[in-house]
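Work through the exercises below with the sequence and the model open. Each task is followed by a solution in steps.

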Amino acid sequence: MKRRSNLRGFYLLLLFATPVAAQDITALQPIGSVVGYARTENMVTFNCGDKSQVQLTILAPDLVRVRAAFGKAIPKKDHSWAIAKDDWQTPRWTLSETTEAVTVSTAELEVVVYRAPLLIDFRDARTHQSINADERPMVYDAQGKLASMLFDPNAGNFIAVSKKLGFDEHFYGLGEKAARLDKRRGYFVNWNSDTPGYTEGKDPIYQTVPFYLGLQRGTAYGIFFDNSYRSYFDFGRSSQQRTWFGAEGGELNYYFFYGPSLKKILGRYADLTGHMPLPPLWALGNQQSRWSYYPDRMVEQVANEYRQRDLPLDVIYLDIDYMRGYRVFTFDPQRFPNPKALTEKLGRQGIKVVTIVDPGVKHDPPGASTDGRYFVFEQGLEKNYFQHRGNGQLFVPRVWPGESVFVDYTLPEARRWWGDLHRVYVDNGIAGIWNDMNEPADFIDQTGKNQLDVVSDDNGERTTHAKNRNTFALLMAQATYEGLERLRPDARPYVITRAGYAGIQRWATMWTGDTNSTWEALALNIPMFTTLGLSGEPFVGSDVGGFIGRGNGELLVRSYEVGFLAPFCRNHKVIDGYDQEPWRFGKYYEDIIRKYLKLRYELLPFLYTTLEEAHRTGVPLFRPLLLNYPDDANTYNIDDQFMIGDDLLAAPIMKPDVTRRLVYLPRGSWYDYWTNKEYSGGTMINVEAPLDTVPLFVRAGAMIPTAPPMNYVGEKRWDPITFNVYPDDQGRASGRLYEDDGATPAYKRGMFRRTTVSARRVGGRLATSIDATEGQFNPGTRRLNFVVKSVR
Ligand code: MIG
């Protein structure tokens with residue numbers, strides 16, 4: 001008996017481990033061969049024997065867009081919710097042809113389109129080496145062969161692109177995935193999903209970013225498959241030769257980015273899908289949340305506790321129980337009778353309040369509830385802004401308020417209305433908005449099946465859920481961001497989101513949803529944050545301490561030892577979970593947490609400088625080592641170390657009872673942050689990491705700006721600003737400091753100050769200098785200190 005059941009377990013395991021992607025794309029119809037082509041100022045359109053068309057658009061020397069339509073002409077209509085820039089200045093390009101191929105060349109890229117079969121090969125224009133090439137022609141499911149396997153058989157035609165899998169090719173990006181950094185041999189689905197308690201391998205989860213980077217021997221390219229339908233990415237899982245991506249419908253539409261550097265691609269991707277704007281500086285402060293702090297007195301207690309214990313805090317969150325019966329844009333009159341008085345009181349302690357706003361609007365017609373009328377439902381219904389099913393019925397999902405409705409955010413006037421509704425928060429002194437449940441989740445059915453016939457206006461196209469699910473959160477966040485911008489034009493909006501699509505960085509910070517309070521979940525923090533950074537989302541974080549389940553002091557401390565360097569640093573806990581504020585496990589743990597929170601505030605000038613770089617260049621602050629060392633293959637799979645900017649390397653402990661670990665230091669020299677002990681890089685070292693110590697290293701050659709420790713942003717001025725000087729082997733170092741008012745959008749008009757500093761050895765001394773300043777912002781007089789960490 002026993003034996004048999006064991007065996008069954010074994011077979012079950014085998015079943016789950018079998019690496020098959022659901023779709024066999026090799027059985028699908030290939031696009032026809034080229035029979036002719038036509039060119040315009042920035043495009044080449046190929047006509048195929050089967051009436052299909054393929055179009056290349058030359059956007060920049062390193063950016064070419066590929067569109068294809070199967071069995072028909074490329075539609076005139078061309079729209080994407082993700083694209084921020086379409087006014088590209090066409091670079092110089094040429095076209096040449098042979099009997100076999102037509103080649104489009106820019107200064108950096110050569111796109112060879114073979115005629116028969118139609119295969120595209122992207123090459124480096126200087127070396128003529130292939131960077132990325134089709135493994136077979138693009139395919140479409142002309143005969144509906146995959147229909148039975150599709151999530152939504154009515155979505156349209158399955159389409160896919162196959163690329164040759166490099167023998168030594170690594171894959172990064174693809175947004176929010178519960179997976180390791182290198183996606184090689186992985187298979188992923190994109191379909192925004194509410195997945196509480198997810199563990200490594202769970203897929204899909206909350207967000208969809210169909211953008212990935214390929215890296216082979218230091219040379220990188222990027223592909224953004226701008227298709228919001230349920231999509232699939234196979235990085236060599238089902239075949240040794242092939243990587244492919246496809247979608248259940250929509251257009252075959254992708255952008256090809258050529259580096260060769262990863263950082264350059266990230267910059268271009270940010271140009272295309274939008275740069276992250278700067279958040280208010282306080283958003284980099286420490287944040288505390290709980291599902292749910294109520295009534296108002298409890299919120300005050302949490303704030304007081306933080307202040308009495310000398311723990312830094314900038315933000316407290318109000319989760320769903322602040323509302324009157326979960327009605328968004330209301331406050332519960334018993335629990336929060338005077339929200340304005342509350343935010344003012346906390347404001348005097350230097351603490352901001354952020355409220356949650358879910359998409360579910362309570363279905364609440366006049367007379368339906370005994371506790372008053374609900375203007376949001378009534379207005380939205382009257383204006384006809386809510387989603388309907390194909391048969392014209394109002395779509396009524398069930399979420400926290402019970403029966404609810406969702407806004408059709410594809411309607412510009414509905415977005416405006418929704419944004420304006422935030423006046424009630426702004427008038428009550430609420431500093432930011434937290435969008436949750438925006439996959440959108442529906443308790444009736446979390447898969448999305450119950451929503452398939454829901455229609456959105458979608459620019460008058462009236463498309464279904466298959467196209468609109470993955471962009472729902474993007475548009476809701478946009479509505480929220482733009483609303484806050486209109487209501488408070490002098491303040492930078494602050495929006496946090498759970499779901500999203502490519503481009504979400506323009507509107508919101510994100511957090512990684514409902515994690516577990518486990519070591520396994522903590523270990524996922526680093527590959528998830530670094531991956532998000534490589535997917536155009538620089539401002540990310542995870543519930544510090546983990547959301548679901550019961551942690552302990554050790555886990556909480558180790559979690560802060562990662563989180564204190566995450567862009568978004570917020571402790572948050574599920575409603576029925578054991579309390580998790582920094583003091584909950586006793587003084588020993590609290591003291592360590594205080595040390596790291598204080599250190600975060602000291603490092604704010606460095607973090608803010610690096611965040612501004614992310615805003616401007618698209619290169620994230622929280623980085624995998626490979627982003628700084630793309631030609632060092634030792635970095636390609638590091639899931640347990642990260643860097644902040646170019647200079648700070650952290651190697652946290654993410655296992656219980658462990659107080660030592662191996663740390664890989666890339667080439668160059670490094671300083672132990674705590675002891676200033678110097679190490680030569682390019683090797684693995686073994687270091688002590690007792691509970692109160694996260695191994696931290698500074699790159700030799702760096703100058704790290706720090707401020708005095710403080711308990712909230714603005715409590716003290718950044719005076720003095722200390723440049724911590726870590727000279728390299730030649731006795732040189734350099735650094736940067738970015739400053740602005742930290743609150744208003746004036747930085748967009750040049751009201752910032754960027755200071756470049758350097759140091760060099762002159763005889764037996766180290767000479768420091770301020771080399772250049774840029775921008776019109778006047779930070780006022782402040783002392784600049786230079787602290788030299790080594791005498792060499
Ligand atoms: O169905 O608002 O991820 O952070 O505390 C759960 C209650 C809804 C999920 C979010 C979590 C939040 C919780 N929400």
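Two residues are in contact when heavy atoms of theirs lie within 4.5 Å. The model is predicted.

**Exercise 1.** Place Asp-514 in the fold and list what it touches.

Solution. Start with the secondary structure: Asp-514 sits in the loop that runs between strand E32 (509-511) and helix H9 (519-533). Next, set aside residues up to four places away in sequence; Asp-514 then touches Thr-195, Pro-196, Gly-197, Tyr-198, Tyr-206, Arg-498, Phe-547 and Ile-548.

**Exercise 2.** Decide whether Asp-514 is buried or exposed.

Solution. The cut-off for buried is under 20% relative accessible area. Asp-514 has 11% relative accessibility, so it counts as buried.

**Exercise 3.** Describe the surroundings of the ligand.

Solution. Begin with the shell: 13 residues surround the ligand, and the closest are Asp-319, Asp-436, Arg-498, Asp-514 and His-572. Sort the shell by class: eight residues are nonpolar, one is polar and four are charged. Then take the distances to oxygen atoms of the ligand. For a polar side-chain atom of Asp-514 the distance is 2.4 Å. For an N or O atom in the side chain of Asp-319 it is 2.5 Å, and for one in the side chain of Trp-400 it is 3.2 Å. Finally, consider the area: the ligand alone exposes 350 Å², of which the protein buries 95%.

Conventions. Residues are numbered from 1 along each chain as its sequence is written. This is a predicted model: local features need pLDDT of at least 70, side-chain atom pairs count only at pLDDT 80 or more; totals for chains, interfaces and linings use all residues. Side-chain values use heavy atoms; hydrogens and water are left out. Helices (H or I, at least four residues) and strands (E, at least two) are DSSP runs, numbered from the N terminus. Buried means under 20% relative accessible area, exposed over 50%, partly exposed in between (1.4 Å probe, protein chains only). A residue is near a molecule or strand if one of its heavy atoms lies within 4 Å of it. A polar contact is a pair of N or O atoms within 3.5 Å; within protein, one must be able to donate a hydrogen and the other to accept it, and residues adjacent in sequence count only if both atoms are side-chain atoms. Accessible areas come from the Shrake-Rupley method with a 1.4 Å probe; for residues, only the protein chains shown count as cover. Ala, Val, Leu, Ile, Met, Phe, Trp, Tyr, Cys and Pro count as nonpolar, Asp, Glu, Lys and Arg as charged, and the others, Gly among them, as polar.
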